[in-house]
Amino acid sequence: MKLLLTAFLLVSSAYAQFDPATNIDFDMPIDIDGTYTQQPGQKQLTPAQRMKLLRKKLEKRNELMVRRKIETLRYQQEVEMMKKIQAAFNKTMQNLDNIQ
C-alpha cells in the first residue's frame, strides 16, 4: 500500500482529456506542485491579453446573470398579474350569478 502511494506521488504531471462542456483542456500538463508547463507550439499570453480574456468572460457571465434576473422578475410579475385577472374574473362571475 505504501509502495503504491509512493509511486503515485512520484508522478510529476497529470493528464486527462478535453471536456467541451467546461472548456477545460485536461491534456495540458500541470505539475503536482501546481506549476503550469506550457506545451510546445503554444503562444504565451501577455498579462494584458489574459486580463482582456478574463474581462470578456466576466462580461458574458454578468450579462447572463442579468438576463436570468430579468426573466425571473418578469415571471413573478406575470404570475401576480394572472392572479389579479383571475380574481377579477371570479368576482365578475359571482356578480353575474347573483344577478340571475
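**View 1. Arginine 74 is partly exposed, with a relative accessible area of 37%.** The model shown here is predicted.

View 2. Arginine 74 and glutamate 78 are four residues apart in helix 2, so about one helical turn separates them. Glutamate 78 is partly exposed, at 40% relative accessibility. Salt bridges with shared partners join Glu71, Arg74 and Glu78 into one network. Why can such pairs form? Side chains of opposite charge can pair when their charged atoms come close.

**View 3. Arginine 67 and glutamate 63 form a salt bridge.** The N to O distance is 2.7 Å. Both residues sit in helix 2, four apart, so the separation is about one helical turn. Glutamate 63 is partly exposed, at 44%. How many salt bridges does a search of the whole structure find? It finds three.

**View 4. Phe89, Met93, Leu96 and Ile99 make a nonpolar surface patch.** The patch covers about 420 Å². Phenylalanine 89 belongs to helix 2. The relative accessible area of phenylalanine 89 is 51%. Phenylalanine 89 therefore counts as exposed, because the cut-off is over 50%.

**View 5. Strand 1 and helix 2 mark the two ends of the confidence range among the elements of the chain.** Helix 2, residues 47-99, has the highest mean pLDDT, 94. Strand 1, residues 13-14, has the lowest, 44. Over residues 12-16 the pLDDT is below 50. Beyond near neighbours in sequence, this stretch has 14 contacts in the model. How should such a region be read? Where pLDDT is low, the predicted coordinates should not be read in detail. The protein chain as a whole averages a pLDDT of 78. Of its residues, 58% score at least 70.

Key:
Residues numbered from 1 in each chain as written. Predicted model: local features only at pLDDT ≥ 70, side-chain atom pairs only at ≥ 80, totals over all residues. Heavy atoms only, no water. pLDDT = per-residue confidence, 0-100. Contact = heavy atoms within 4.5 Å. Patch = residues over 30% accessible without salt bridge, like charges linked within 9 Å, V, L, I, M, F, W, Y side chains within 5 Å. Areas by Shrake-Rupley, 256 points an atom, 1.4 Å probe, with all protein chains shown as cover. Salt bridge = Lys/Arg side-chain N within 4 Å of Asp/Glu carboxyl O. Buried < 20%, exposed > 50% of the residue type's maximum accessible area, 1.4 Å probe, protein only.
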